[in-house]
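Reader: I should like to work through this structure step by step. May we begin once the sequence and the model are in view?

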Amino acid sequence: MTQDPRFLIRPPLESKYYLEIEQKALFLEGNCRTEDLEMVSNWLAYEILSLINPSIFSCIDRPKLKDLPIGLLMAANSLYQSIVEQQHREPNEYEIEYLVLDKKIGMKIASLSNEILNLDDLSKFLIKYHGIYAAWLEHIENLSNSIEQQIFHSPSYENILELVRIYGRLSYKSQWGSFDAQLKDEQLGIFKNKWKIINEFYAYYSFTLKVELDWRNRLLLDNSFSSWIQWVMSLPIMPIQVTAVKDIRNLDTVERLIVEILNVGHYQTDDRVNLLLLLMIHAIELWNEMSNKLIGLTQVDGLVIDEVESFRKQMEKEKNNWFNIELPQRSNKLANILVSGQSLLGMNAIYAIIPHLIVKKKGESVNHFREAISKQIALQQNSPELIKKILSFKNGNTPILISTLIIFNSKEVQVDTIDEIWKAYYDLLTVDNWRGGFYSHQDDYNFVRYMASLLLYTSDPTLKIQQVIESTKKPHEGWQYNSKEHHKSRDQMAHLIIVGAIASELMHNKQFNASDTYSYIWKTSHDFLRSSANIHDEMYKILIKELWKRLVLIHPNDYKDKAISAIINMDYLNHIIIAVSSLQEGISQYKNKEQELDQELQEVIFKRYNELMPVYREQTNVTKEEIQRYENVIKKLTSGICQS
């Protein structure tokens, strides 16, 4: 079973070392007489086969080994001893002589495998000698009827967990009861329970296939995709199917299997959707692994500078090709395969994968795949109905992000559908367990930006943002004050204010009337800051920055008056510093010039600094370094009046 060769790339120093080993092995093999190697491998192969099935194979006479190179002679004797005593030999890729012998013995056994009645017995024996086992699997080229029959004959087991090697709590049989209890939930047939059990297991446990399943998985993948699909779907539980899928290390193989499942109709629909979903998730994980691999290879160090630099440039080229060409192509190809023709199976698989398209877990590859799926769905005539189906999955912000991307890629935009997405967005904000991220991750940033862009497409942007903010506001004092509701609404309010601030800029760029929206957001945000305690400082920092940076864009003529009025009423020195710094950034960005702030504005800043700094100094959790940093920032912001 081959894997993408890029997964095997090693940095120069490591690569050089392994290359030398391979070259020495080839040199050793080239300096041995062919008949000597054939004689030794034949002898040891029959030694193994006679131990497994003495009724068919018998030992052959031990050959005269005196003419072999001393290293190969010692390896042959050592290997013979471990075979006779049936001792497990740990693989050592640095033993050159073993590399040569393992390959020859594996090839010899592969040529005789059709005569073996029980390949499970053979594989259990060979797994003790990893090099021989790998060579055996690699060189069984065609499956005979007897082998294919053995593959589909399931190994006997008393408990399902006996089919896998387990690392973690379940490695102790006393813990298997918890597995059985969860398995009963899975067998209820509720689709999402299956994915719950997988997510829980892979958070705590690690499975690999036992040899009885391992050799079947590898041989079928190399010989017949349709047979492999049939075999994997026959495995008793989904976590074991996941483990079989994860053995695939070739990007093209995963894509070809997906095409095979979609094109062959004699499998059960539910089973096909499940396996499609496993393969799609695995494809994205492989893309992400490839991304990380190539990024890592561009950051290698080494002793020979020229050699490392040449390697790094080569990997940089490979990385750029991957991110700019191959990854988008693979994403588009997979999305096209699933969506084109609107096959029920492909669309069901897309619906099933939506909860898993989370950037935090799967990296940048998810962004490409979400974009590709959205483009394909946008081309469909019934895209509004498909959006409704996608929005029905109440799983975080992913369904909303994908629906929004579909709108962005659609030629004709239906306002009713956009309003539905906006409603789904607000419904998400109001759930009890929602806690918004604020640019802590790329997905958080995308969510805020996409919602700001979506607002422009709604029937009345200013009214929509006002409605959701007003319905989110909670009293911060008085008889109607509720501490729990007030604290819960803070994240929601901050999120909506940031969306409104970004939307104001987008409206301005499209020559919409952005002033009303921004003025509402401006007043609401400063009322919100005054009524909130000085906690979640990062949230407030982002809110203030996004709002104040756009002040000069929306109000180019009266931004100074608005800034002065707001600063006078701000209660926290750090808020003032963030606000003014962001305003200065906005002046530089939108007016394309670096300049000192207006003198009147500087005087107001300096006055508020003198009023608030004594209070700030008295706080017990404030360090001298923080005080010094604030003093330096204020001096820089008010340099015009400080120098005079």
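Author: Please note that the model is predicted. We may start with D180, which lies in helix α8 (residues 176–186).

Reader: Is D180 buried, partly exposed or exposed?

Author: A residue counts as buried under 20% relative accessible area and as exposed over 50%. D180 has a relative accessible area of 31%, so its class is partly exposed.

Reader: What distance separates the C-alpha atoms of D180 and L161?

Author: Along the chain, D180 and L161 are 19 residues apart.

Reader: How are the axes of helix α21 and helix α23 oriented towards each other?

Author: Helix α21 comprises residues 415–429 and helix α23 residues 461–472. Their axes come within 12 Å and cross at roughly 20°. Angles under 35 degrees count as roughly parallel, and therefore α21 is roughly parallel to α23.

Reader: Which residues make the contact, and how many of them are nonpolar?

Author: From α21 come D419, W422 and Y426. From α23 come K464, I465, V468, S471 and T472. By class, two residues of this contact are polar, two are charged, and the nonpolar ones number four.

Reader: What should helix α25 span, and how far apart are its end C-alpha atoms?

Author: Helix α25 (residues 515–531) has 17 residues, so at 1.5 Å a residue it should span 24 Å. The distance between its end C-alpha atoms agrees with this: 24 Å.

Reader: Which residues of α25 are buried?

Author: Buried means under 20% relative accessible area. In α25, the buried residues are T517, Y518, Y520, I521, W522, T524, S525, H526, F528 and L529.

Technical notes
Residues are numbered from 1 along each chain as its sequence is written. This is a predicted model: local features need pLDDT of at least 70, side-chain atom pairs count only at pLDDT 80 or more; totals for chains, interfaces and linings use all residues. Side-chain values use heavy atoms; hydrogens and water are left out. Helices (H or I, at least four residues) and strands (E, at least two) are DSSP runs, numbered from the N terminus. The expected span of a helix is 1.5 Å times one less than its number of residues. Buried means under 20% relative accessible area, exposed over 50%, partly exposed in between (1.4 Å probe, protein chains only). Axes are lines fitted to C-alpha atoms, for helices over the stretch in contact, and angles run from 0 to 180 degrees between N-to-C directions. Angles under 35 degrees count as roughly parallel, over 145 as roughly antiparallel, 65 to 115 as roughly perpendicular and the rest as oblique. Contact means heavy atoms within 4.5 Å. Ala, Val, Leu, Ile, Met, Phe, Trp, Tyr, Cys and Pro count as nonpolar, Asp, Glu, Lys and Arg as charged, and the others, Gly among them, as polar.
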